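Good morning, and thank you for coming. Please look at the model on the screen while I go through it.

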Amino acid sequence: MIIALPVFLPLAFMIFAFLFRHFHGREYVALGAATLNLLVAVFLLVEVNTEGMVKMQMGDWPAPYGITLIADRLSALMVLVSAIVFMAAMAYSIQSVDTRRKSFGFYLFSFGILMGVNGSFLAGDIFNLYVWFEVMLMASFILMSHGGERNQLEGAIKYLILNLISSFFFVAGIGLLYGKMGTLNMADIAQKLMNFETMPPELNPAFILIFVGFAIKGALVPFFFWLPASYHTPPPVVTALFAGLLTKVGIYSLIRFYALFLHQNSQFWQPLILWIAGLSMVIGVITATSQFEFRKVLSFHIISQVGYVVMGLGLFTVGGLAGAIFFLAHNMISKTNAFLVAGYVHRQKGTLNLKILGDFYKEHPLWAIFFFISAFSLAGLPPLSGFIGKYLLIKAGIEAQQLGIAFTALFVGFFTLFSMVKIWMEVFWKKTPDKIPAPIIKIALLDDKPVNINWMKWSSGAMAIIIILAGVFATPIVEYCTLAAESLMQPSDYINFVLENN
Amino acid sequence: MRNIVLERIVSLFLYVMVGFALFLLFRGHNRPGGGFIGGIIAAAGFLLYGIVFGSEKVLEKIRVNPRYIMGSGLLIALLAALIPMTLGKPPLTGVWTSLAGIALGTPLLFDIGVFVLVVGMIVSIFTNIMDVLKWNS
Amino acid sequence: MELVIAIFIGLLYASGVYLLLRRSIVKLILGVFVISNATNLIIFLSGGITRSGVSFIGDEAEKATLETMTDPLPQALILTAIVIGLGIAAYILALKYKYFETTGTHDLDQLSKTDQK
């Protein structure tokens with residue numbers, strides 16, 4: 001029963017927010033709902049960890065016909081991490097979002113994103129996955145343009161058109177796949193594919209269309225252009241939420257599809273995915289070095305870090321997948337926290353141009369430490385969580401005899417460190433320059449309503465603590481990720497579990 | 001420019017459309033029809049009314065703010081999902097009772113929710129567009 | 001019949017892509033709508049086209065066999081896709097309007113303020 005709650009709980013809150021738009025204290029209700037969602041996610045994770053998998057047939061229709069919600073270890077972990085990210089964003093938004101945006105449904109659409117993300121992680125049916133994608137995208141379109149400033153509208157148009165096109169790729173792929181296989185249930189399709197000796201060639205167009213759809217959503221290399229063009233325009237907390245959740249859903253779906261379907265044609269897909277992973281890492285990190293806007297640097301790094309996850313997927317060994325899952329979870333948290341700090345910098349200084357900023361360590365040492373932790377976790381310094389993720393991935397790459405990709409990953413790590421050090425030096429360490437070279441652009445109006453608790457500091461600090469803990473006490477998490485990877489490598493368990501009728 | 005014949009016909013036609021929409025809604029479970037189609041047809045009736053009389057008259061006719069219509073539609077549909085959960089069944093399972101020989105169940109509740117939601121959504125979309133275009137003047 | 005619809009889908013995609021590549025935002029949006037409908041038709045075609053009655057309803061249900069039955073699932077999928085398309089169409093037109101109000105231009109080349117100089 002608990003597996004349905006991550007979907008219905010946000011919906012219930014959305015109805016509340018819709019009907020009581022001007023309710024005072026909606027921030028706290030939203031935070032309460034986010035906490036409840038976190039509790040649900042923890043219970044789901046515990047249940048999945050003891051039982052292996054949990055499923056539910058919507059409307060009590062048996063498996064290949066009805067809509068399945070299924071949680072295995074990977075999806076339970078993703079639901080938990082996105083619940084953490086979401087809760088931090090909700091706490092942060094209490095102070096950092098202006099009243100006009102709040103009363104125009106900021107919380108409504110944030111919970112729309114949460115509902116879509118949770119639904120995508122739990123969907124066991126391709127078309128259902130598409131519908132959850134659309135729920136998530138609709139909410140994110142609105143949050144992207146929410147507030148209606150000029151930059152936001154421009155970013156929203158780019159984001160909207162490219163993401164819509166990716167949805168069309170995905171739906172067209174679903175249509176072709178359904179025409180060939182006659183079913184939409186993922187487990188059923190995987191089982192029917194297993195009956196073939198090799199992948200039937202007429203299925204390739206469908207899978208290539210679906211892959212392109214996921215690659216646009218996940219911002220992989222030839223398809224990433226929408227991300228850096230739009231992610232720096234909305235209010236900081238929205239960017240943090242997007243960076244933590246949206247691209248990761250595309251990558252999660254890619255992992256799920258690869259493990260169930262694509263690996264049966266691995267001599268075609270594996271080199272392709274490894275090349276895309278390597279190019280994503282290198283191009284993302286190199287373009288990031290040429291940027292001089294705080295959030296743009298971080299946006300380009302999303303592309304390179306998505307490349308790491310896809311590298312683990314492309315290796316398709318237990319070690320590689322475990323590393324990919326760990327890295328995905330780590331990246332959601334570290335990235336969100338880096339954007340949260342960027343939001344605070346913007347709030348204090350009114351700009352995010354690296355050339356203008358400076359002296360932030362002297363003025364706000366605590367925030368500098370938060371940034372230090374998340375940025376150097378992204379760069380992969382021990383004992384932070386990013387080090388464990390990169391270590392697992394590179395080790396798996398060497399063990400799988402894929403030395404090229406392993407050394408690319410190592411090499412990209414240095415460049416990431418370079419970018420992070422650049423932000424650190426420019427924003428936190430150097431003196432504020434006397435001559436201001438560019439005009440300050442206000443992105444979001446902020447109202448300084450006095451609040452008793454400094455929610456921004458608490459949420460960012462909690463995320464920083466999670467990053468340290470995930471690095472220091474990594475052993476149980478890595479064990480969990482290894483179990484998740486093993487069950488991904490054995491799709492027959494998943495198939496049997498979905499298709500057996502109680 | 002006012003057109004008396006058009007105005008009389010449209011204001012009668014609204015009731016025909018809504019009545020037909022309700023007919024389709026209740027027919028929906030076993031035969032073609034259902035909440036979405038019914039909602040679209042009812043909303044089309046209001047749209048026609050709005051084209052002739054302007055958006056303010058539509059809102060007067062409905063009396064309730066469309067956003068509350070949409071919200072209550074979602075709420076009804078959510079109830080249809082949650083009622084089976086309280087009985088220990090998966091969400092959205094059809095739970096049936098019978099009242100004076102008529103079978104009533106959560107699928108009907110869900111359809112009603114969809115109907116209300118669609119009417120609210122389309123009315124809200126087109127009244128907003130009409131306000132932006134200054135259709136009333 | 002399948003072939004005709006398939007060619008038609010191809011034409012729709014071609015004109016959609018042509019519209020997407022124009023400079024005006026309005027044409028871009030029209031291109032998105034055309035591609036969205038072409039995609040819906042792909043799903044429609046995936047169920048196969050048969051000349052027959054409805055599959056599950058009333059007295060026809062007994063007479064229906066696998067050969068004469070139309071697959072109802074793609075139609076349900078298209079309905080979902082059309083509803084999503086409706087919501088997106090409403091949103092995208094509002095966004096376009098708001099953008100035009102703020103900037104006074106339809107030209108996609110003016111959309112470069114957020115790019116790197």
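Predicted model: local features only at pLDDT ≥ 70, side-chain atom pairs only at ≥ 80, totals over all residues.

Residues are numbered from 1 along each chain as its sequence is written, chains are lettered from A and ligands numbered from 1 in the order in which they are written, and side-chain values use heavy atoms, with hydrogens and water left out.

Let me begin with the interface. Contact means heavy atoms within 4.5 Å, and 33 residues of chain A are in contact with 33 residues of chain C. The two chains bury about 3000 Å² between them, 76% of it on carbon and sulfur atoms; buried area is the accessible area (1.4 Å probe) lost on putting two parts together, summed over both. A:R150, A:F168 and A:Y178 supply 20% of the area that chain A buries against chain C, more than any other three residues.

On the side of chain A that touches chain C, α6 and α7 of chain A are the elements that give two or more residues. The largest share, 18 residues, comes from α7(A). Helices here are DSSP runs of H or I of at least four residues, and strands are runs of E of at least two, numbered from the N terminus.

Next, helix α8 of chain A, residues 186–194. Which of its residues are buried? They are A:M186, A:A187, A:D188, A:I189, A:A190 and A:L193, where buried means under 20% relative accessible area, exposed over 50% and partly exposed in between (1.4 Å probe, protein chains only). These buried residues pack against α6, α7, α9, α11 and α21 of chain A.

Turning to the strands, β1 and β2 of chain A run antiparallel and are joined by 4 bridges. A:K55 has A:I70 as its bridge partner in β2(A). In a regular strand the side chains alternate between the two faces of the sheet. In β2(A), A:T68 and A:I70 point one way, A:L69 and A:A71 the other way, and all are buried.

Finally, A:Q401 is in the loop between α17 and α18 of chain A. A:Q401 counts as exposed because its relative accessibility is 66%. A:L315 is 86 residues from A:Q401 in sequence, and their C-alpha atoms are 9.4 Å apart in space.

Technical notes. Pairing = 2+ DSSP bridges.
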